[in-house]
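Thanks for coming, everyone. Let me put the structure up, and then we'll walk through it.

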Amino acid sequence: MKICLSILSILMLAPCVTAQRSESLLKQGWRFSQEDTPRASLKTFDDSHWQSVTVPHDWAIYGPFDRKHDLQTVAVTQDGETTASLKTGRSGGLPYMGCGWYRTTFPATPGRMVSLVFDGAMSEATVWVNGHEVGQWPFGYNSFHFDVTPYLNRDGSDNLLAVRLENKPFSSRWYPGAGLYRNVRVVETDSIHVPVWGTHVTTPHVEEDFATVRLLTTIENSGKKKLIVTTDILSPDGKVVATRTTNGRINHGLPVEQNFEITSPELWSPESPNLYTAQTTVSDDKNRILDKYSTRFGIRSVEVLPERGFFLNGKPRKFQGVCNHHDLGPLGAAINTSALRHQLKLLKDMGCDAIRTSHNMPAPELVSLCDEMGFMMMVEPFDEWDIAKCENGYHRYFDEWAERDMVNMLRQYRNHPSVVIWSIGNEVPTQCDKNGYKVAKFLQDICHREDPTRPVTCGMDRVSCVLDNGFAALIDIPGLNYRTHRYLESYEKLPQKIILGSETASTVSSRGVYKFPVQVGTAMYPDHQSTGYDTEHCSWSNIPDVDFALAEDYPWTMGQFVWTGFDYLGEPSPYNTDAWPSHSSLFGIIDLASIPKDRYYLYRSLWNTTDTTLHVVPHWTWPGREGQTTPVMVYTSFPEAELWINGVSQGRQRKMTAEEASASFDSLALLRRYRLMWMDAVYQPGEIRVVAYDSNGKPAAERTVRTAGKPYALKLEPSVNSLSADGEDLAYVTVSVVDRNGNLCPDDDRLVKFSVDGQGSYRAGANGDATSLDLFHLPQMHLFKGRLTAIVQSSDTPGTVTLTAKAPGLKSSTVTLPVR
């Protein structure tokens, strides 16, 4: 079964219309095997015994977790290590290594041009059609395409597509996923057509009264024929606001240029993500339509000024961004638009306005969602260049493939308004090489050639090297990863007079876990968790408050991209050195189960300026801590608050100003700029109540946290009210253990079992515990600190779907959602 995305009508105006382009996704009907069988490329090969799968597909996410998977003995130089040590869980402890074969069939119309587009294939892809090898693409993160027209069956019968993939050991620093984890597309066109990524739209002049739009359209196989190229510009509400027609001979290889003026343009920004569409029609001199091609874009301007930083549409702003790896937690690397939308909704509510695609090309679905939902993007291709970080990493391909990979990325995403910065790499060892600046210039020049409208950055962590060897001075926007103590020095020495926090914080925390006494700095514990007080970090990183102050205090700082928005599989720092079963990160503001940690509300209190925040840390259920000091912190958008414990006031706190913090001898003064803290609070069962006051000193909000009683029931809270009957929509259901009064029981860890009835299925579950070895796809999961997430996937049939959760000793719970 092939799912059609868009087939332009050939019925309307029949005398003047020929068959136009069609595009379909190859999702169903795939066969898969992890046996390396060379004959699998042949049409005569029998794959009936192979596993039936749908694509996108990640073969490794089903586990099992095991310490032996991809053990790496390395010194992580980015983290300051000089001696190699055994790294466990570095790539998630999942079996991503080895070979995988995929086979399916697809139809094609005889006499038509057909391209196969792969949004990503992990990794070292070789592609065959009808037994003929049509191409290879080694980098697992990039999109690529092949013209397969010469290899199609001429009789119109279905064509065999076979793909071989291989993931080598020691090829990744995090969980890369495995397989055809992104979509595969079939594009069918006339011989004269706009090729894949064949348009380039820019907005050379932007102001409130009018804007100009420049569109370059490449047309293949025109052969200097007389063609008519007409483009309509559609406004965000679908109205035609400008039209241009170009007549004449089209020289092959030279794009058709069309310029437009848009009056009173609706500008794109994170707050108002307005999107226009350029609809281009290619016709012959007899007015027969040969192709139609749509290019979605936004009207906006990007500028970077010395001393003043980043400007969007002429207005200064500082990035409130996060870095994210590409995996979707319990779903693995297999792309799902609903899962991406769920992540972005959480980040949007936090006040996040930017995403860094660390450290690889993103899925096109993510970029399109950022266009629609209003996120700026730093799109980044590489974690290494010509010098290795991983034994079998990208350095093996760099010399031959780097430019091709860059060109694909740039042409695929340069029309997207969300993309405002290109990055050319992350903490590459080449930055300290004597010829490193030459490699950086090579990559930056490709960006400038393919897209002169956007600035280029690079995430640099070897500050002494890059300041001394010219590397940092070469880059359009110097990006520093951490090294906050060297921001001022870098600003003073570099000619750009700006600094971007290209990767910041790397605070570590575990949801619902609190360690005593509270300390600021590095710490490790026998349970392989980190404190939820948000005061712990790695030896090379820092707490959020440091980055807040840099963004606030210096006009030449451009804001930050926090490491990371979500926890991800792999890199379980600080428990990455022979510390199994740790297998996922603790860096996330939101955990692997998509449940916000306390830190989420610290960022929200500063970044979300359209809503108020009042969050209390920690919970107030501490049997055995009676009479002991249990600090209370409040993350709030209000300037001051008062804490009450069992009706007794603990005093009123006010956030410090920058001047007060600088003059203070309090070791926690920096934190007091952004947090309200009662460090001497003493635990007694009962309740804590916080009353927040506005800038006029009047009560504005209140929050109460109570000591939980005996666990009584499971509580289910779905992320959505309904599901789409598309077979792919997801509901993230938060599962909590509560007492009879609805208070969270924060230490419950019992096993919960699930069943799903109706028009849907159980997709996956996660609990946010980096040490949990529960398999994601099985319909059961242990709670972590009283919570977990169950994910339900819709079917393609309307109706209802019901999730039931049961656990020993607790009242069960169900939730029913309509599937429309």
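Ground rules. This is a predicted model, where local features need pLDDT of at least 70, side-chain atom pairs count only at pLDDT 80 or more, and totals for chains, interfaces and linings use all residues. Residues are numbered from 1 along each chain as its sequence is written, and side-chain values use heavy atoms, with hydrogens and water left out.

Cysteines. How many disulfides does a search of the whole structure find? It finds 1. A disulfide here is a pair of cysteine sulfur atoms within 2.5 Å. C432 is joined to C465, S to S 2.1 Å. The torsion about their S-S bond is about 105°, so the disulfide is right-handed. C432 sits in the loop between β27 (419-426) and α4 (436-450), and C465 in helix α5 (residues 463-468), so the bond ties together parts 33 residues apart in sequence. Helices (H or I, at least four residues) and strands (E, at least two) are DSSP runs, numbered from the N terminus.

C432 is partly exposed at 34% relative accessibility, and C465 is partly exposed at 26%. The cut-offs: buried is under 20% relative accessible area, exposed over 50%, partly exposed in between, with a 1.4 Å probe and protein chains only.

C99 is in no disulfide; its nearest cysteine sulfur, that of C390, is 19 Å away. C99 is buried at 12%. C458 has its closest cysteine sulfur in C447, 10 Å off, too far for a bond. C458 is buried too, at 1%.

Now the rings. The structure holds 37 aromatic pairs. Rings of Phe, Tyr and Trp (its six-membered ring) pair if their centres lie within 6.5 Å; planes under 30 degrees apart are stacked, over 60 edge-to-face, the rest tilted. Y482 and W540 have centres 5.1 Å apart and planes at 65°, so that pair is edge-to-face. Y482 is buried at 3%, and W540 is buried at 17%. Y491 and W556 have centres 4.1 Å apart and planes at 5°, so they are stacked. Both are buried.

Last, helices. α1 (residues 337-350) and α9 (residues 598-607) pack at about 55°, axes 8 Å apart. Axes are lines fitted to C-alpha atoms, for helices over the stretch in contact, and angles run from 0 to 180 degrees between N-to-C directions. From α1, the contact uses L346, D349 and M350; from α9, Y600, Y603, R604 and W607. Contact means heavy atoms within 4.5 Å.
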